[in-house]
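Thanks for making time this morning.

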Amino acid sequence: MIAHPENKPSPPPPFASSLASRPPLPLLQPDQSISPSMKTSNALSPTNGIKSGSPVPHLSIPPGPPAFSSPLRPAAVPFRASPASPQPIAFYPSSSLPPSSPPSYSNGSNELRHQAVDVSRESVEVGGIPHVLFSAHKMLKLKKQANVPSLGLGALVSPGREISPGPQIIQRDPHRCHNCGAYPNLYCNVLTGTGQWQCVICWNLNGSEGEYVASSKEELYNLPELSSPLVDYVHTGNKRPGFVPASDSRMSAPIVLVIDECLDEPHLQHLQSSLHAFVDTLAPTTRIGIISYGRTVSVYDFSEESIASAEVLPGDKSPNKETLKGLIYGTGVYVSPIHASLPVAHTIFSSLRVHKCNIPEASRDRCLGTAVEIALAIIRGPSAEMSQGVIRRLGGKSRVIVCAAGPNTYGPGSVPHSFSHPNYPYLEKTAVKWMEHLGQEAHRQHTVVDILCAGTCPVRAAVLQPLAKASGGVLILNDDFGEAFGVNLQRASSRDAGSHGLLEIRCSDDILVTQVIGPGEEAHIDTHESFKNDTSVSVQLLSVEETQSFSVFMETKRDIKSDYAFFQFVIQYSNVYQADIVRVITIRLPTVDSVSAYLDSVQDEVAAVLIAKKTLLRAKDFSDAIEMRSTIDERVKDIAFKFGSLVPKSKLHLFPKELPLLPELLFHLRRGPLLGNIVGHEDERSVLRNLFLDASFDLSLRMVAPRCLMHREGGTFEELPAYDLAMQSDAAVVLDHGTDVFIWLGAELATHKGRCAAALAACRTLAEELTESRFPAPRILAFKEGSSQARYFVSRLIPAHKDPPYEQEARFPQLRSLTAEQRAKLKSSFLHFDDPSFCEWMRSLKLVPPESS
């Protein structure tokens, strides 16, 4: 519920949650190199995934190859590389109010049109605001043109993205518009004589308690909120009654490992190695707890130094209050700083034993639900006995990290071992509801539950996903408990997670927010202040992390008369240092009549990611995914019909030349792992979908369309289109597809052992640099041309080998550098199959693709 809906002129739009839909409202819900399509730059940058100056984190992986940080070499021919960061919105100075007549106010707001001083600088710093990425940098004024559903208007909002300390940090209470609740910003007009400022959202005139009184506009430039599009209001003191602060250390929030003990020997050995390496990398002040589960739950006691000692509880039912009270107030120590308990932790991990019964993995009893309940209880500790209304504030969110090798098949929230159980659908539905309730309880306790799965046994992701999702955590699948699992374990534990998060979205009166997709839920009526005419959309954040984003979709209510539309995004949360943050981001988009000017401002990659998120929200299973491929086809055709042109003397439509990347990105989407046939098991598809809906722009873009980099002599890399024409036998190629990174070694290269080893080492180093901060950490696979694993690589590349030579050269200009013999050899290396190329797909839609940029 949105606070006081009866006071609002129009009801708020539905919020989309990928957790679940609430029938009355059609709600919807859902690393590291940013690279949206820019109309002005082709240059590659070291920050585009190649972080040459970044420290390499200490991870539990074998020593890598020698340090390698070669710059990417731009393609020798015109090909749009992915820039390091999105081009920012152009912030135009505003010396007068927009031409449209704002409402008439008796407090003198109309007089402000003649007396106001615009405090925005003539040229605002354009270093970029990656926190908010719009699908276009201009808006069409006509409602009929602006609301074409196939393209539309949207923005990707990253609430937890970090910013460098600077003048945009404000340590005082913000001013607010008394009418709509908006915040002052660089676009506000200010009466320097009285200090009054006019809201850009509702045009109300507000006082500033004399703070904005100045002799000249230059004085106001010193106020961050009136000179910067992004500011953070920070309160470091604990001013909230009813809160008992914990230690000042950000590490006061504990981590509890919940470990599946129903493992066979190979998996157990890998898991033990990863766990040993994990605790060795933790900071000394980190508090840790260890629980294992099978048919029972073992809560390990750190007070015993020489042996692994545990309190064993039944797993067939939830623990009662007396059992938990006896556990918490007993003599055992179940959560302890790692500096005092590291030897004990190693002893506990070494004591884990192989599952002895000769039972298939899927049929073993696992009481995962009960184990997580007990983990939450020991994190909560005696604070449960505090007086009602008192909440213990920790430095950041606590974490429960589940290491699972199979489904929850015993106790609360369990499902039968076999799908053939006569009552399986009902029991699964009941288990999903129970898991979601447990996740919501964890969220109320400010604890994130991450579930890291590995092995070959299906984990029934549909049942476990609600637990992770509702708590603000993630569910991750790994092939085994080896290297990638160990990296994810470390990155899961070290993620900064803010709490008490709230996102507010305010727009000009002409704009309506229609849908929000992201890791949150509709804000309840008591979670934010109410103002007389506050029409904001409010979303309660499950957690505030840098790896997440929200997709916001908007429409225009009517034809826009003014020259600009204003958008304000406000994120309120408490960070890991217990500071209360109010982050205010204000953006202004110019409105235009020219369709060409609008299309030229469209950010292809941002638009493609927004389209993909809206599409994936509806693709709940494989049959839905097949249907969504057809909607992609219809969307591409509609964009061409609405914004393109008819080819002379033909029935074909030319796709808008201003959108050169968009159709190819959508082609990658429809044939890739998100909607295509690449992913086989429904568990994998479900996990990828949920991860994508919540992911940051950086990771989302890579999951939609892979990035292809060819190794060159001298240690450089050339970025090429992700076409199968890159499979040149004398080369090594890196393909970054978000959750997977592939290294392909050509057969001819492989015959030269020295060159092959050097190329492989360079490619591995590049892959690690590209993904050093990505969460989840992708699996990195290396293989030779013609091997069985090479099919993973080939299936993600556009099959352009069937296209005519002129089309190949137009879209893959690197071919021009090959000799006739090399091209003939490349052509003969391909196997025939029916998958269409990008150009063939466009022709099947009766469209002509735009020229490659």
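One aromatic cluster is formed by F742, W744, F783, Y792 and F793, where rings of Phe, Tyr and Trp (its six-membered ring) pair if their centres lie within 6.5 Å, with planes under 30 degrees apart counted as stacked, over 60 as edge-to-face and the rest as tilted. Please keep in mind that this is a predicted model, in which local features need pLDDT of at least 70 and side-chain atom pairs count only at pLDDT 80 or more, while totals for chains, interfaces and linings use all residues. Residues are numbered from 1 along each chain as its sequence is written, and side-chain values use heavy atoms, with hydrogens and water left out.

The structure holds 16 aromatic pairs. Among them is the tilted pair of F134 and F567, at 4.9 Å centre to centre and 55° between the planes. This pair links distant parts of the chain, 433 residues apart, with F134 in strand β4 (residues 132-134) and F567 in strand β27 (residues 564-574); strands here are DSSP runs of E, at least two residues, and helices are runs of H or I, at least four, numbered from the N terminus. Both F134 and F567 are buried, meaning under 20% relative accessible area with a 1.4 Å probe, protein chains only.

Turning to the cores, the largest nonpolar core has 83 residues, of which L151, Y598, V636, L662, L669 and F793 touch the most other members; such a core is a set of buried Ala, Val, Leu, Ile, Met, Phe, Trp, Tyr and Cys residues joined through side-chain atoms within 4.5 Å. Helix α12 (residues 604-618) contributes the largest share of this core, nine residues. A second, separate core of 39 residues includes Y293, L313, I379 and C453.

Definitions and conventions
Buried means under 20% relative accessible area, exposed over 50%, partly exposed in between (1.4 Å probe, protein chains only).
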